Amino acid sequence: MTTTTKRAKRPMELSVRLAGYIIRNKARGRSRFPLVTMLEPLEMCNLACIGCGRIREYKPVLDKMMPVDEAIGAVKESGAPIVSIAGGEPTIHPRIHEIINRLVEEKYFVYCCTNGLLLERVMDKVPPSKYLCWVVHLDGMEEKHDESVARAGVFKKAVAVIEQALDRGYRVCTNTTVFRGSDVEDLSEMFRLVSGIGVEGSMISPGYDFVDAPDQEIFLTRQESHSKFRELLDSENSEGARFYNNPLYLNFLKGDREYQCTAWSNPTYTVMGWRKPCYPLADEHVERVAELFDKELWEKYGPGKDPRCANCMMHCGFESATIFNAVGSPRDWATLIKSGAAHKGGITAA
Ligand code: SF4
Ligand code: SF4
């Protein structure tokens, strides 16, 4: 394993554009609008992770590949300046390079979530850009990660491709889902490792208890999440780590703050249409993104309203909430600006 201190920086343009976008939408009187378009151009994957709901929920349409124009059209319909590409494993899509290159050309900020196994071949067709960041899935050090993705050897490949991507000049982050069996010391070691290699940051979130996941016991309750993240984020365990999530969301994970879910800010487009209401839940799929912003819809969803929301603390619902709340709080806004994290409206990953 080589070590490098190369570290791409978060583009300042992202923070500036996102702040301007929020101000313009607020000025137009919009109370619900998207910050991040979640694009799932396929649901097929080359892994079968223990906590993944997607590969099970979309079993009947796993072979469906979203046409390039449809993917671009969905991003434009949403209008959010940030696009998070997930799935399924995006690098399996035969035209993923065209989707990414077109979005980058149009200056969307693209975060492409991947397990890393096939990333090398996509990098050959997608040049580095400040508008593009690979987000590589890592749930722990070798033993824990390979257990989480249910295949030996994946950790080594993921770390090797992260190093290669950094050497080739790409921006790279990691994405970690925290489960009941996650080991805090093991996670801390992994965060230090990837920070030392030079990733831009590590995104973390507790897993959502997808009904389609085979083992419901692996998911944390809200209270368990609070104590796990308190331990993970305390000064000793987080030393040397570089988290990509904003500090207000990290405080929320520790149970120091409460927010109302704002998952309408991360609309999710799949091969079956827009998930309604949100990234974790699809009570139906709809044709128009506008349906996801109805006031009446959000009277039914969120903790305390729908039992399936009780343990949800995902980025898509709550990191965006920290940003919308901060707009009305100069102190919180200053915290976001100071941390350089106001740019990321709740990006999540596969
Ligand atoms: S979590 Fe991601 S990498 Fe794992 S099976 Fe699901 S889509 Fe594939
Ligand atoms: S809390 Fe929000 S993001 Fe989570 S499942 Fe409920 S509606 Fe979706």
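The following legends describe close-up views of a predicted model.

View 1. The strands follow the order 6-5-4-3-2-1-7-8-9, and their pairing is mixed. Strand 6 (201-206) and strand 9 stand at the edges with a single partner strand each, so one side of each has no neighbour in the sheet. From one strand to the next, the twist averages 25°.

**View 2. Helix 7 packed on the sheet.** Helix 7, residues 154-167, touches strand 4 (132-137) and strand 5 (171-178). The direction of helix 7 makes about 165° with that of strand 4.

**View 3. The pairing of strand 1 with strand 7.** Strand 1 (residues 36-39) runs parallel to strand 7, and the two pair over 2 bridges. Within this view, L39 stands opposite Y269 of strand 7.

View 4. Strand 7 covers residues 268-270 and strand 8 covers residues 273-277; their pairing is antiparallel, over 2 bridges. T270 has G273 of strand 8 as its bridge partner.

View 5. Strand 9 (residues 282-286) pairs with strand 8 in the antiparallel sense, over 4 bridges. K276 is placed opposite E284, a residue of strand 9.

**View 6. The contact between helix 12 and helix 13.** Helix 12 (residues 315-327) packs against helix 13 (residues 330-339) at an angle of about 125°, and their axes are 7 Å apart. Because angles from 65 to 115 degrees count as roughly perpendicular and those over 145 as roughly antiparallel, helix 12 and helix 13 are oblique to each other. Their crossing is left-handed. Helix 12 contributes I323, N325, A326 and V327 to the contact, while helix 13 contributes D332, W333 and L336. Classified by residue type, this contact holds 5 nonpolar, 1 polar and 1 charged residues.

**View 7. The residues around ligand 2.** The shell around ligand 2 comprises 15 residues, of which C261, C278, C309, C312 and G317 come nearest. By class, 12 residues of the shell are nonpolar, 2 are polar and 1 is charged.

Notes:
Residues numbered from 1 in each chain as written. Chains lettered and ligands numbered in written order. Predicted model: local features only at pLDDT ≥ 70, side-chain atom pairs only at ≥ 80, totals over all residues. Axes fitted to C-alpha atoms, helices over the stretch in contact; angles between N-to-C directions. Parallel < 35°, antiparallel > 145°, perpendicular 65-115°, else oblique. Left-handed = near helix turned anticlockwise from the far one by under 90°. Contact = placed C-beta atoms within 7 Å. Nonpolar A, V, L, I, M, F, W, Y, C, P; charged D, E, K, R; others polar. Pairing = 2+ DSSP bridges. Near = placed C-beta within 6 Å.
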